[in-house]
Each structure stands twice: as structure tokens, then as C-alpha cells.
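I opened the model today to look up a few packing and pairing details, and I am keeping the entries in the order in which I checked them.

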Amino acid sequence: GPLLKAVRYGLQKFGMWTLGRLSNGVQLGWKTGFNSGDSLDYVYENEVRGKTPIGRLIDRAYLNAVGWKAMRERQHILEELLRKTIQLLADDGHPVRVCDLAAGRGRYVLDVLQALQGTDVSALLRDRSPHSLAEGRRLAQSLGLENVSYEEGDAFDKESVLSIEPAPNLAIVSGLYELFPDNGPILESLEGLSGV
């Protein structure tokens, strides 16, 4: 019943708070939030890390969670759609201006840009987290990508979205809107996108 579920949830939370911290992924989740760009980037990398053999075992279990497997599958689908859409725009002779409103580090965008070198495509990756943006810049630099820029921005601020230059012809909002139950800020974000 409900009591058993509450006890089970409490034990899982306690386990993640104590032994779970031996896992780099769980430790990062507690530090930055399990939905943060940093945590999602860790999940997308899917590389087991931990301070001890037990920590690495816990990390493997964490990364193999059904929800994280689904996130990685979503990333692959998004990468494929992004690649196809960029190619369609480029084939029609349009310069492609990508903007991700809540990119975190933007690893999947960087992977696509790297695969499409030689195409007239650039990307602006925005996020509210200065740490994620700084990590993204380092990642882009390590990949030798010069057609990507990062800036701090609020995806729910209509005026902020409207101020994006150059105006994107391909916008991405992935893994953000579904986290918020209030449609007001989402509508503001969409109105901003429709006006750029």
C-alpha cells in the first residue's frame, strides 16, 4: 500500500544519499540537481566512474536506470532529427542558425556540428547555468568547433528569447517544458521563439 511505497522510497533516498555518493553520477546529481545540464551530460556520456569498485558498481546501476536509458534514446533521436533538418535547410541553400534555449553543455548539438563540418551552420547554445556554459565552451574548444557560441539566457523570458541574434531558423527546446506544470512561462517562451 501507500505506506510500503513511502518506506521503499525513503530507503532508496537514504541509500542514494549515503552509499550512492560513492558513484560519481549520484554525487553530481546531489550537487547540481538530477535534472541539471551537468547531470544529463554525465548520463549521455554513459561512462562508469566511481572512487571505489563499489562506487563504480553503483554508478553502473545508476546509469542503467530505465529513465536514463530513455534519455539516451531521446538524445539519439534528437541528434538524428537535428542532422536531417540541418541538411534539409542547407540543401535548400539556407545558412543554418541553430539555437538551443536550454542547452546545458549542448553535447548533442556539438556532436552534430562536428559531423556536419563544411556545412554553413552555426549554433547559439543558451542556458541559465554559468557553470554548464563554461563547461560547454571547454567541450566545444576541445572538439575544435568555432561555429558555436554560448550565452546566458532564460528560456522563459520572452524578451530575452526575442533578442537572440542572429535570429535562428532552427530552435531546440528539449527536456525543459515538461518539467514545469504552469503553461504561462512556456507560452512566453514559445511566443518569443515565434517572433525571432
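Which residues does Ser189 touch, not counting those up to four places away in sequence? I found Leu101, Ala155, Phe156, Val161 and Tyr177, where contact means heavy atoms within 4.5 Å. Before going on I note that this is a predicted model, in which local features need pLDDT of at least 70 and side-chain atom pairs count only at pLDDT 80 or more, while totals for chains, interfaces and linings use all residues. Residues are numbered from 1 along each chain as its sequence is written, and side-chain values use heavy atoms, with hydrogens and water left out.

Ser189 is part of helix α9 (residues 183–195); helices (H or I, at least four residues) and strands (E, at least two) are DSSP runs, numbered from the N terminus. I record Ser189 as buried because its relative accessibility is 0%, the classes being buried under 20% relative accessible area, exposed over 50% and partly exposed in between (1.4 Å probe, protein chains only).

Next I looked up the sheet, which is open, has 4 strands in the order β3-β2-β1-β4, and pairs in the parallel sense; two strands pair if DSSP finds at least two bridges between them. β3 and β4 (170–172) stand at the edges with a single partner strand each, so one side of each has no neighbour in the sheet. On average, neighbouring strands are turned by 15° against each other, direction ignored, with axes taken as lines fitted to C-alpha atoms, for helices over the stretch in contact, and angles running from 0 to 180 degrees between N-to-C directions.

For strand β2 (residues 121–127) I noted that 6 of the 7 residues are buried, so the strand is largely enclosed by the rest of the structure. I counted 5 bridges between β2 and strand β1 (residues 96–100), where Val98 has Ala123 as its bridge partner. Another 5 bridges join β2 to strand β3 (residues 148–152), and there Asp127 stands opposite Glu152. β1 also pairs with β4 over 3 bridges, with Cys99 partnered by Ala171.

I then followed the helices that link these strands. β1, helix α6 (residues 107–115) and β2 make a right-handed β-α-β unit, that is, with the strands pointing away from the viewer, the path from the first strand over the helix to the second runs clockwise. β2, helix α7 (residues 130–142) and β3 also make a right-handed unit. α6 lies across β1, β2, β3 and β4, at about 170° to β2, and α7 lies across β2 and β3, at about 170° to β3.
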